[in-house]
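These are my notes from an afternoon of looking things up, written in the order in which I went through them. I began with the overall build, then turned to the ligand, and ended with one annotated residue.

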Amino acid sequence: MNIILLGYGKMGKIIGEIAESRGHQILLKIDENNRELLDSIDPKPIDVAIEFSQPEAAVSNISWCLNHGIPVVSGTTGWLDQKPQMDQLAEEKQTGFFYASNFSIGVNVFFKVNEYLAKLMNEVSGYEVSIEEIHHTAKKDAPSGTAITLAEGIIKNQQAFTAWHLSDQASENGQSIPISSKRIDPAPGTHIIRYQSEIDDIEISHTAHSRQGFALGAVLVAEWLPGKKGVLTMNDFLSF
Ligand SMILES: NC(=O)C1=CN([C@@H]2O[C@H](COP(=O)(O)OP(=O)(O)OC[C@H]3O[C@@H](n4cnc5c(N)ncnc54)[C@H](OP(=O)(O)O)[C@@H]3O)[C@@H](O)[C@H]2O)C=CC1
Ligand SMILES: O=C(O)C1=N[C@H](C(=O)O)C[C@H](O)C1
């Protein structure tokens with residue numbers, strides 16, 4: 001396949017290496033300094049774009065792809081308030097748009113475990129839930145996109161919650177899950193869910209040892225996406 005990389009930082013570089021090792025060609029690597037190349041490139045040979053840039057760049061990168069009919073896999077976090085517009089554009093253009101807050105297969109198993117635990121904990125009282133995420137100090141957004149997905153998984157399965165908030169900020173109501181964000185190098189990404197009571201604590205966690213799992217997941221999705229139309233998610237891609 002012919003791939004373009006929108007964002008060529010820590011993630012873009014590993015994604016490029018994995019894609020080439022699987023026999024794909026990287027036609028273009030776009031970072032903040034060479035964005036003007038998008039104005040002159042011929043979109044026809046491009047099979048798929050993989051977008052891991054930064055919160056302020058995601059919408060223009062994804063729009064460029066969808067407006068040129070190029071399927072796009074996006075892992076950039078911190079811009080989700082504008083996702084409905086991108087979903088609408090993907091439907092209008094009948095072009096595949098795949099966003100995931102985390103492309104690691106292990107994290108997607110963890111998402112399911114989180115939802116199952118939340119369902120069980122909905123039936124018992126006396127526990128306080130909280131989420132902790134730990135990432136490297138270069139991370140621009142907080143909380144992590146993965147922590148937001150975990151909070152949404154709890155909200156979906158527990159009547160007591162309607163929202164989440166950063167634990168160092170005031171919560172607007174008592175129905176909100178606190179998320180604490182820690183920045184410690186070189187943490188690639190750790191997420192912990194805690195249910196704490198006076199009697200005992202229940203804790204589940206996922207710890208990434210490197211960025212390899214995120215990058216491989218994004219390449220696997222990029223191999224799967226071409227030919228599909230509209231908005232797709234990990235639930236469409238995974239068989240569990
Ligand atoms: N969904 C997932 O599984 C994962 C998501 N992420 C997310 O992916 C994103 C990227 O992470 P990471 O690679 O670590 O970050 P980096 O900061 O290492 O890389 C970001 C890259 O984006 C480039 N960039 C900045 N502006 C633009 C633009 N307008 N168009 C194209 N590229 C641009 C930067 O260019 P320059 O170098 O010139 O500044 C840099 O190459 C983050 O939002 C992160 O949260 C990360 C890991 C996993
Ligand atoms: O910025 C990162 O590094 C990561 N970002 C994603 C997120 O915000 O959840 C995924 C992963 O945890 C690494």
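I started by looking up the secondary structure of this predicted model, and I noted eight helices and 11 strands in the protein. Next I looked up the radius of gyration, which is 19 Å and close to the 18 Å that the globule rule gives for 240 residues, so I wrote down that the protein is as compact as a globular protein of that length. For the extent along the principal axes, I recorded that the C-alpha atoms fill a box of roughly 60 × 35 × 35 Å.

I then asked what percentage of the 240 residues count as buried, and the entry I made was 35%. Among the contacts with a separation of 6 or more, I found that 66% are between residues 24 or more positions apart.

Turning to ligand 1, I counted 26 residues around it, and the closest are G9, M11, D31, A57 and G75. Which helix gives the largest share of the shell around ligand 1? I found that helix 1, residues 10–21, provides this share with three residues.

My last entry concerns K44, which the UniProt annotation "binding site" covers, although I noted that the entry is unreviewed. In the model I located K44 in the loop between helix 2 (37–40) and strand 3 (48–51).

Notes: Residues are numbered from 1 along each chain as its sequence is written. Chains are lettered from A and ligands numbered from 1 in the order in which they are written. This is a predicted model: local features need pLDDT of at least 70, side-chain atom pairs count only at pLDDT 80 or more; totals for chains, interfaces and linings use all residues. Helices (H or I, at least four residues) and strands (E, at least two) are DSSP runs, numbered from the N terminus. The radius of gyration is taken over C-alpha atoms; the globule rule is 2.2 Å times the number of residues to the power 0.38. A residue is buried if 20 or more other C-beta atoms lie within 10 Å of its own, exposed if 12 or fewer, and partly exposed in between; C-beta atoms are placed from the backbone. Two residues are in contact if their C-beta atoms, placed from the backbone, lie within 7 Å. A residue is near a molecule or strand if its C-beta atom, placed from the backbone, lies within 6 Å of it. UniProt positions are given in the numbering used here, feature names are shortened, and annotations may be inferred rather than shown by experiment.
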